[in-house]
Amino acid sequence: MKSTIQEYRKNNKKSMTKNFIITIVLAFFTHAFYAQNAFDKFDGQDDVTSVIVNKKMFDIMSKVKVDPSDKETQQYMALIKKLDNLRVFTTKNAKIEADMKLSADKYIKSANLEELMRINDSGKNVKIYVKSAVNDTKIKELFMFIDGAKNEDTVLLSLIGNFDLNEISVLTDKMKLPGGTDLKKASKSKK
């Protein structure tokens, strides 16, 4: 009887350990899945303009032949090799703006992003957050939310990869991203 109880406890400990590991793994994957899909609900909605560029497209774009003497384009090509995902959603619809703001606030808290800068200018609120890599000069994720003023777009932008913040101005110039001037300010302030 005593050996049966000991065997039961031993098996129970193994089961508890296995359940704990499974719970940790699921929590990690759920967070990663949430991070990728937190804003997909805005894709395809009426009154929302979306730009979604995935790793495969960045890989294809990086293989385009460019003039070696064009240094800015060379910088751009070097940067896009480092990018994994870009999601940009813009709207002027008040209901969708409110939903974007709630989604952004929730994501900022769950993703453990660090605030890089905040701008409040004539009712337009810009918040830029980053998730740094091991060293502080490399960025794993850049997240920007612009709460548009009257008649201006509300913008939600997520950029994932492994890049230097100083390289972003090249990307905003070449891709004409909304909020590009605000991103340029952020890259200058991080130097």
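1. Helices, of at least four residues, and strands, of at least two, are taken here as DSSP runs numbered from the N terminus. In those terms Leu165 is found in the loop between E6 and H5. The model under discussion is a predicted one, and the points below should be read with that in mind.

2. Although Leu165 belongs to a loop, its relative accessibility is 2%, and it therefore counts as buried. Between Leu165 and Glu141 there are 24 residues of sequence separation, while the C-alpha atoms of the two lie 9.8 Å apart in space.

3. An open sheet is formed by 6 strands, which follow the order E1-E2-E6-E5-E4-E3 with antiparallel pairing. Its edges are strand E1, residues 48-54, and E3, each of which pairs on one side only. From one strand to the next the twist averages 10 degrees.

4. Helix H4, which spans residues 94-110, packs on this sheet and touches E1, E2, E4, E5 and E6. The direction of H4 makes about 150 degrees with that of E5.

5. At the E3 end of the strand order, the antiparallel strands E3 and E4 are joined by 7 bridges. Arg118 stands opposite Lys127, a residue of E4. Strand E4 also holds Ser132, which has a relative accessibility of 19% and so counts as buried, the cut-off being under 20%. Leaving aside residues up to four places away in sequence, Ser132 touches Glu114, Lys138, Ile139 and Lys140.

6. What of the nonpolar interior? In soluble globular proteins, nonpolar side chains tend to be buried together. Here the largest nonpolar core comprises 28 residues, and those with the most contacts inside it are Ile80, Leu83, Leu142, Leu159 and Phe163. The elements that give two or more residues to this core include helix H2 (55-62), helix H3 (71-80) and helix H5 (168-175), together with strands E2 (83-91), E3 (114-121), E4 (124-132), E5 (138-147) and E6 (154-164). Another core, of 16 residues, lies apart from the largest one, and Phe42, Ala111, Phe143 and Leu156 are among its members.

7. Which residues of H3 are buried? They are Thr73, Tyr76, Met77, Leu79 and Ile80. Viewed down the axis of H3, these buried residues fall within an arc of 160 degrees, and they therefore line one face of the helix. One of them, Ile80, has already been named among the residues with the most contacts inside the largest nonpolar core.

Note on methods. Residues numbered from 1 in each chain as written. Predicted model: local features only at pLDDT ≥ 70, side-chain atom pairs only at ≥ 80, totals over all residues. Heavy atoms only, no water. Core = buried A, V, L, I, M, F, W, Y, C linked by side-chain atoms within 4.5 Å. Buried < 20%, exposed > 50% of the residue type's maximum accessible area, 1.4 Å probe, protein only. Arc of directions from axis to C-beta. Contact = heavy atoms within 4.5 Å. Pairing = 2+ DSSP bridges. Axes fitted to C-alpha atoms, helices over the stretch in contact; angles between N-to-C directions.
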